[in-house]
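Dear colleague,

I am passing on the structure we spoke about, and you will find the sequence and the model just below. After them I have set out what was found, with the cut-offs given where each term comes up.

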Amino acid sequence: MYVCSCFGITEKQVREHAESGACTPRQIAGACKAGTDCGSCVRRIQALLGRGACPRRETEDTLGPAGVPVVAPVSGPRVAEAA
Ligand code: FES
């Protein structure tokens, strides 16, 4: 079934791109242009990705807003090492 009729992209193709690491609608667009014309398919693409099409989704969810991994805060430089 077509997800993006502007570019003739199917659900299967979106899943394949997701399995290859495209875990956001923007990454899917980068892989196959889906969502870059009228944009009416973006919600469908998001829904597909949200249904577990992307195996890396769990990893992506641990990234902060700038794509930087969310890690525990690190304390300042150790005085013993700095001296
Ligand atoms: S249906 Fe996908 S960009 Fe138009």
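Helix 2 is followed by K33, whose phi is positive, near 75°, and helix 1 is likewise followed by a residue with positive phi, G21, in this case near 115°. Helices here are DSSP runs of H or I with at least four residues, strands are runs of E with at least two, and both are numbered from the N terminus.

Please keep in mind that this is a predicted model, in which local features need pLDDT of at least 70 and side-chain atom pairs count only at pLDDT 80 or more, while totals for chains, interfaces and linings use all residues. Residues are numbered from 1 along each chain as its sequence is written.

The chain holds five helices and two strands, which run from the N terminus in the order β-β-α-α-α-α-α. Of its 83 residues, 23% count as buried, where buried stands for 20 or more other C-beta atoms within 10 Å of a residue's own, exposed for 12 or fewer and partly exposed for anything in between, with C-beta atoms placed from the backbone.

In helix 2, the buried residues are P25, I28 and A29, and they lie on the same side of the helix because they cover an arc of only 100° around the axis; the arc is taken from the directions from the helix axis to the C-beta atoms. In helix 1, the buried residues are V14, H17 and A18, and these also fall within an arc of 100° when seen down the axis, so they line one face of that helix.

Helix 1 (residues 11–19) and helix 2 (residues 25–32) pack at an angle of about 105°, with their axes 10 Å apart, the axes being lines fitted to C-alpha atoms over the stretch in contact and the angles running from 0 to 180 degrees between N-to-C directions. The two helices are therefore roughly perpendicular to each other, a term for angles of 65 to 115 degrees, whereas under 35 counts as roughly parallel, over 145 as roughly antiparallel and the rest as oblique. Q13, V14 and H17 of helix 1 meet I28, A31 and C32 of helix 2, a contact being two C-beta atoms, placed from the backbone, within 7 Å.

Finally, G50 is found in helix 3 (residues 42–53) and counts as exposed because it has 10 C-beta neighbours inside 10 Å. Its C-alpha atom is separated by 9.4 Å from that of T24, 26 residues apart along the chain.
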